[in-house]
Structure formats: C-alpha cells, structure tokens
Amino acid sequence: MPASPLVLGPMLRFVDETSASIWVETRADCRVTVEAGGREWHARTFAVHGHHYALVEVDGLEPGTERPYEVRIEGRRVWPEADSAYPPPVIATRTPGRPARIAFGSCRTSVSHDRHGNRTHGVDSLRAFALAVADGRADRPDLLLFLGDQVYADSTSKEMQDFIRRRRDIHEEPGKELKDYEEYGHLYQLAWSDGANRWLMSTLPSAMIFDDHDIRDDWNASLDWKRKMEATSWWHGRIVAGLASYWVYQHLGNLSPGARASDEVWRRIIDHDGTDELDLTDVLDEFAERCDAEPDGYGWSYCRDFDDVRLVVVDSRVARDLTPSARGLLDAQELEWLDEQMHGGFRHVLVASSLPFLLPLGLHHVEAWDEAIAQGAWGRPAAWIGERLRQAVDLEHWAAFQNSFQAVARIVTEVADGDRGPAPQTVTFLSGDVHYSFLAEVERDSGGRILQAVCSPVRNPLPRLLRWFAVVMSYGVATPIGALAARSVKVPDPPFRWRTVKGPWFDNNLALLEDGPGGLTLTWHTGVVDHGDERHPRLEEVASVTVPARREAALVSRGRSLR
C-alpha cells in the first residue's frame, strides 16, 4: 500500500463558536479538503524548504455543535485512517456560557513509548491523557495549552541523531543539536506522529507558546549569552530555522481568523492566486531573521476569551530587552500589549507564560540577587561570576528581570483589586519550565485571588539528585539566605508575599483547569503502567485543588498523597 500523502496532522488548532482551523503537513503540493456535515472547505498547500503545509479555514459552523470530519488530499481520504483504533475526530464548536476547561503543561521529549523510553523519560502524560479521552475515561477539554519546550532542539533523541548522521557529520558544530529547517521538520514529525497523541490533537483544539529548548537552552538569558551565540558559525542558521519552523508548526494555528488576516506572512498566502504552490522559503527566512534582530517588530503573544474567562498567552523569549540598562523579560512594546489585555470584568483572568511568574520565594530572591550582581552591583569581578552563575543554573526567570516582574506584579494587583473594572475571582498564572509542579497563592486580605499553577514536565523528569537541589534552592535555606542576599544589593522587595499551597512534586504530568459555579478546580494527572502494558498507561490523579468562588473560603485539596 502506498504511503499516505499526509505527513503530520490533521491538527485541530483555533476553534471558536462558528469556526475552526485544521493544519496539515503533506508529502507534496496538493489541494487539501476538510468535509464535515455535508460541507467542504479547501486549501492549497504552501511550501517551505521543500516541505508542504496547509491550513484549512472551516467557517459557518453553528455554536455548540459537534461534527465528525474527514480530511482528503486530491480526493483521497487520509484521515481518519481506515484501520484507526480511535473514535472519529470531531470539530466541537464552543458552547456559549459553558464553563471553560483547559488542559496545560510543558516540557515534552520525543522518545519511544516502550519499556526503554518509559524507563529513561517516564510515561508520556499527554499520551496517557489521549488514551483516557479516547476510551471515555476523561472528559474532553476546550483547549490543549502547551507552554513551551514542545520540541528539544538542543537535547536530541537517538532517533533524531540518526537522522542528523544521515545528512551531515554529527561531530562538527552544532553536533547533535539541530542545524536547519530540514532537521526541525523531522523533530516535529518525531514529536507529533505517535498514534494516540496524533488522534488527540486531531480532535482537541490546541494553542502553544515557545520556551528556550524550542530553540536552545537559556535562549536570550542575557546580552552576554546572545553575543556568545552570534559569535558561532551556526547560530544564525539555527535561530532562523527555529523561528521560521515555529511560525509554521506552532504559531500559525494559534491565530484567530481575524489575527491571521492581519498577519504579514499569512497575507502572502491568501493573496496568492492559487494557480501553483506558493513557496514561502525566502519570505519566512527573512521574517525569522528580522524577528530575532528586531524583537518589537512582531508579536508572538495572543489573547483568547472563553465567555467570562480570559486567557492571555505571553511571549517571554523573543520579546526580551537585553540592554543592560533596561533589562526586561518583556520589552516596552510587549509590556504595553500585556497591559492592554489585563482588565477586570471576567470571572477569571489566566496569564500563561512558559516561565513561572511566582517562583518559590527562596529561588525568587536568589535570581533577583544574581541579576543585580551580574549587572555590576558588587563590581566587575562579581559581575563576571554572576553572569556565569546565571547561565550555569538557569537563573533567568521573571525574578531575574526585576523591571518586568515589578511592572507585571503592579498590573496584576490592579486587576485583582478591581482598579481596572470589576475584580475577577482569580488572576491565575499558568506556567511550566522548571520540571516540577506546584500551586502558589499571593497573601491578600481582599479582592480577587492571585495564583500560580505550574505543570512541568509532561515528559522529561528531573534526575533524582537534581530534584533535591531544586527543593533546597526553592524551599530550604535559600529562602532566608536569598532574602538577605537580595537586600544586600538593594533589590526592591516584591510588592506582595506568596506561599506554596501545594507541592512541589516531580511526576510527569498534565494539568486540567476547570471553571465551575463552585470555583476554579486544578488537577494534575500522570500516566501509570499496570502489569507491564507500556503502550496503554492508565491516567492517575496526582493532586487536586479547588479555589472556591467566595473569597473567604479556604483552599480545598483532594486526591491521593503527593509523591
């Protein structure tokens, strides 16, 4: 039987009450058709570096409906596959007034789902969730939200390294890391081709934002880091390929129909006459190069409303200001954009950032202290040490960019206090990155609650020795010592205090946020192998916390004990 003309997908991306977008990668130039409910929608592929893609815009749907769909390429049905073991994929439009349900997490490596892969990287929580949804043991969320490190361009698997060896000498720079667009294309194929996960992403809407490993560890940690990378022979090709492929594989599907219509690259696609396939290679390479050189020239962040729940997804990587005198995790333009999205009148305001905003207090103080000495608070020799320390142990979260931390803390407090419209019940940060999960809450006497829910990793656990290091740095003696160190270099005190309500725990896990009349419920789930059945892990709850609707009620925890 000939190979399917479908390489990756279909991936159900942006979905609202009346429209949906479906993304595919194909083997050749072709016409892609989506059929649902007796109607058809079509798109011609566009090409990038010899790869072929299409985004089919499905419109004119009814709110609150669920329709099975098929994908055809040049008239041949390619999805669902004839021998599929999973339910038919569906397009389920939003039901106005229905409480929002969002699954989220970060950090997922692409290795096999057999005994060896599960032993070295743990069970894939996304795959365990996919199997549970397929079997009806878990309800479908409205959105899968991936908060960074969807792929690892700098820490590659054996399968990825085998592909690299077939193309070039793996002992020459950049070695086992990715070099160009072709290698990124293969990395995405490894990440998204497993049958269960592929089915899940064909039937659940998804949204994404990058973190450092999508490009390289500590991406844009500092100006010193960036200059080191730019001095290499391979970095320019890497950043161009990384951002160009990110636009194709991840960012394009984040966009609403309105946002797509105003996107500079997408306009080249819709303005094309369609008589032949549009080759976007030069356009996307130039675009990616410009995004890296001029971070304020394009916005990767986006905002979604689910009735009375607002989701703001923030780019905390490209949009950095690395100028020593004006360091910011968000540059002026990005901070202004975030400021405009943050207002009251919603039941919940969710701020999704790949990096945790509220680190455990000990680690927060240590990162703030390190930023100060790296900027010269103790002189040039100490600045050199501070910079080396920052890069060695990843001290580059919000706390290490105090200008941005203080500004966003002020904005969030104003929203929670009701100074920007009716106060929401919660302002909740959703994050990943740190390879352990926890829930933190700001200590407040009135107004809406301010929370931080971290879910990491989906599949890439910390070695046990590093787990102890993370706990000590975050919750041990680092808390009082870090506070003293931060004060010694005149770091401003945080505008509020917070505490860890639940955690930390180190399971591979996927989190689920559910809004309801009783409040906001957050649960974390992991995959468990029973009786040696590595391919069919069971989904098990790790932790659950409910934030009641009323301010005076206490946090309620349920579920089994944390490991």
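Figure 1. His52 counts as buried because its relative accessibility is 13%, where buried means under 20% relative accessible area, exposed over 50% and partly exposed in between (1.4 Å probe, protein chains only). The model is predicted: local features need pLDDT of at least 70, side-chain atom pairs count only at pLDDT 80 or more, and totals for chains, interfaces and linings use all residues. Residues are numbered from 1 along each chain as its sequence is written, and side-chain values use heavy atoms, with hydrogens and water left out. His52 belongs to strand 6 (residues 51–58); strands (E, at least two residues) and helices (H or I, at least four) are DSSP runs numbered from the N terminus. Its side chain makes a polar contact of 2.8 Å with the side chain of Glu277. A polar contact is a pair of N or O atoms within 3.5 Å; within protein, one must be able to donate a hydrogen and the other to accept it, and residues adjacent in sequence count only if both atoms are side-chain atoms. A polar atom of the His52 side chain also lies 3.5 Å from the backbone oxygen of Gly50.

**Figure 2. Arg444 in a loop between two strands.** The loop holding Arg444 runs between strand 18 (437–442) and strand 19 (449–454). With 15% relative accessibility, Arg444 counts as buried. Its side chain reaches the backbone oxygen of Gly448 at 2.8 Å.

**Figure 3. Met229 in helix 6.** Helix 6 (residues 223–230) contains Met229, which counts as buried at 9% relative accessibility. Leaving aside neighbours within four places in sequence, Met229 is in contact (heavy atoms within 4.5 Å) with Arg216, Trp234 and Trp235. Leu61 is 168 residues away along the chain, and its C-alpha atom is separated from that of Met229 by 47 Å.

**Figure 4. Helix 7 and its kink.** Helix 7 (residues 235–254) is mostly covered, with 18 of its 20 residues buried. A kink of about 45° is centred on Trp247; the bend at a residue is the angle between axes fitted to the seven residues ending there and the seven starting there. The end C-alpha atoms of helix 7 are 26 Å apart, which agrees with the 28 Å that its 20 residues should span at 1.5 Å a residue. The expected span is 1.5 Å times one less than the number of residues.
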